[in-house]
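Subject: Structure handover

Hello,

Here is the structure I promised to pass on. My notes on what was found in it follow below.

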Amino acid sequence: MPKKTDSKDRMIASARRLFREHGYLGTALSDVVTESAAPRGSIYFHFPGGKEELASEVSLLHAGDHIAHINRAAATTNTAGQLIEAFIGRIRDELISSDYREGCAMAPLVIESTAASDQLGDATRRGFQDMIATLAARLTEKDVPESRATQLATHAWSSVEGALILSRVLHSPEPFDLAIAQLAATTDAAATPSHHTRKDTPREHHNK
């Protein structure tokens, strides 16, 4: 049996998965309780602010996961283009593994609720700003000028969000593959000349 002490974390993780598949409005608190196998009645104990508070925690978890992945990808790649391939490739592979069901957990919060919720608006804004800033910082470390790094990081995240929608609709990884190829080339071109040459074989993507 799951420990009661980890029920809050389980509920946040379960809500994240449900938001990715069904959206914010399409997920009921009862769904989260069932999915997480949390004690009934515990949702308002852990989240007295209700669904908005839970969704804010989901935004924090989702952004934190991507930030950690960007940092790991940066540590295991040599060029800016390889970082883009590893970073976006993981999101692509996760979508395929979910049979194209699970998109971004934060997008539904923006589309479905932030206009009516200052709390969620602030949470998602900070999340996306932190993800962009982290990617920009890692690109700068791989010799992309600061003046271009934030632009490219913003472009990358815009491409990821668009690819998530198109890939889910088309049931195909092609939008991701195109985004990866174009963004990797663009970021490599933006780096200093000494890093224009790719050191490793580019990551291969196979349609599933």
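Is R17 buried, partly exposed or exposed? R17 is partly exposed, at a relative accessible area of 25%; buried means under 20%, exposed over 50%, and partly exposed in between, with a 1.4 Å probe and protein chains only.

Before the rest, a note on conventions. This is a predicted model, in which local features need pLDDT of at least 70 and side-chain atom pairs count only at pLDDT 80 or more, while totals for chains, interfaces and linings use all residues. Residues are numbered from 1 along each chain as its sequence is written, and side-chain values use heavy atoms, with hydrogens and water left out.

Overall make-up

The protein chain has 9 helices and 0 strands; helices (H or I, at least four residues) and strands (E, at least two) are DSSP runs, numbered from the N terminus. Of its 208 residues, 50% are buried. Among contacts with a separation of 6 or more, 72% are between residues 24 or more positions apart, where contact means heavy atoms within 4.5 Å. The chain exposes about 10,300 Å², and carbon and sulfur atoms supply 55% of that area, computed by the Shrake-Rupley method with a 1.4 Å probe, where for residues only the protein chains shown count as cover.

Cores

The largest nonpolar core contains 38 residues. Such a core is a set of buried Ala, Val, Leu, Ile, Met, Phe, Trp, Tyr and Cys residues joined through side-chain atoms within 4.5 Å. F87, I88, L135, L139, V144 and W157 have the most contacts inside this core. Two or more residues each come from helix 4 (51-75), helix 5 (80-97), helix 7 (118-141), helix 8 and helix 9 (174-190). Helix 5 gives the largest share, 9 residues. Another core lies apart from it, with 18 residues that include A38, I43, A55 and A105.

L139 touches A80, L83, I84, V144, A149, L152, A153 and T187, leaving aside neighbours within four places in sequence.

Helix 4

Helix 4 has 25 residues and spans 36 Å from its first C-alpha to its last, close to the 36 Å expected at 1.5 Å a residue; the expected span is 1.5 Å times one less than the number of residues. Its buried residues include L54, V58, H62 and H66. H62 counts as buried because its relative accessibility is 2%. Beyond residues up to four places away in sequence, H62 is in contact with R16, R20, C104, A105 and M106.

Salt bridges

There are 13 salt bridges, each being a side-chain nitrogen of Lys or Arg within 4 Å of a carboxyl oxygen of Asp or Glu. R17 pairs with E21 at 2.7 Å, N to O. Both lie in helix 1, 4 residues apart, about one turn of the helix. E21 is partly exposed too, at 23%. Salt bridges with shared partners join R16, R20, D65, R90 and E94 into one network.

R16 is buried, at 11% relative accessibility.

Surface

I165, L166, V169 and L170 make a nonpolar surface patch of about 420 Å². Patches consist of residues with over 30% relative accessible area and no salt bridge, with like charges joined within 9 Å and nonpolar side chains (Val, Leu, Ile, Met, Phe, Trp, Tyr) within 5 Å. I165 lies in helix 8 (residues 146-170) and is exposed, at 56%.

Regards
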